[in-house]
Amino acid sequence: MRLYQMELTKLIGRRFTQIMTGLLFTVQALQLWVESKLAVQWAASGLDDFGQYFGYKRFLELSQYFVLYAMIWLTVVLSSFYCEDRQSRTNVLILTSVKGKLADFAARLAASYTLAAGVMVLVLAAACGGCGLLYGYYDGGAPAEMIYLGMGEAASALAAGSIYAFTGYYLIRVLCGTLMLTGIIVWVSAASRKAMYVLIAVSAIFWCPVMLESGLQPKGIGYLFLTGQPLWFCVVRCMHENWTLYGWHILLALLMAIVGSICGGRRWCRLSGQ
């Protein structure tokens, strides 16, 4: 527990982490400010009644952007966390004993996942609070397709049941996508010598699905794997388009998080040249 507290404090206390956190919250504040201006314009146009379920709809739409910003933040902040000791040549001091290195890696891993989950809770809370103040939340037990009537996106909403259930399924996707991304970062960072290489590699893994999706058929193992990457976990439309793959995507995310952590730990606990 002491090592965990030390690693988490070190990760949060880095100047780079604090600068990136400031940028993240600044971008969120600007987006909420724009959202408030849109709400005022709609009200001035006589559209003061946004609809009973408009708050839930805007929360789902706004949270996509907030989660995307948080995933980018996570990629930048964690990219150097596992390779910094190798880069500064202090890894030999840490990896002096089996007990010491395993305990230190476990503490770093716990700190990484705590930070990832924590930042997601914060950004989602900001989206939830902002939309609640601007639009309000009413009758979340209503059928989920009510927030997508006339939009041709009711398939997964119908299957999910209530608005609460649909929103819960989306939040589970976000959590699993966050765990998956963290596992990928751990794996790549533990195997790399420089933080810049990690940032480039993880960024490529993160953004490649956008470029490759159009070249695959909507069925098959390739499409399942591609649309099961972290970027797509924050996109609400994937809940409609790939609802039948929901369980497989969750399983893929959890397996990737576990495999990334194990493989990253094996690589990080081994001294270079051994």
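1. A crossing of two helices is called left-handed if the near helix is turned anticlockwise from the far one by less than a right angle. In this predicted model, helix 8 passes helix 12 in such a left-handed crossing.

2. The residues of the contact between helix 8 and helix 12 comprise 20 nonpolar, five polar and two charged.

3. Helix 1, which runs over residues 2–13 and so has twelve residues, reaches 16 Å from its first C-alpha to its last, close to the 16 Å expected at 1.5 Å a residue. The buried residues of helix 1 are E7, L8 and L11, and since they cover an arc of only 95° around the axis, they sit on the same side of helix 1. On the face of helix 1 that is turned away from this buried side, one finds the exposed residues R2 and T9.

4. Y135 belongs to the loop between helix 6 (98–134) and helix 7 (155–160). Although placed in a loop, Y135 has a relative accessible area of 8% and is therefore buried, the cut-off for that term being under 20%. The C-alpha atoms of Y135 and Y56 are separated by 8.7 Å, while the two residues are 79 residues apart along the chain.

Terms used: Residues numbered from 1 in each chain as written. Predicted model: local features only at pLDDT ≥ 70, side-chain atom pairs only at ≥ 80, totals over all residues. Heavy atoms only, no water. Helix = DSSP H or I, 4+ residues; strand = E, 2+ residues; numbered from the N terminus. Nonpolar A, V, L, I, M, F, W, Y, C, P; charged D, E, K, R; others polar. Expected span 1.5 Å × (residues − 1). Buried < 20%, exposed > 50% of the residue type's maximum accessible area, 1.4 Å probe, protein only. Arc of directions from axis to C-beta.
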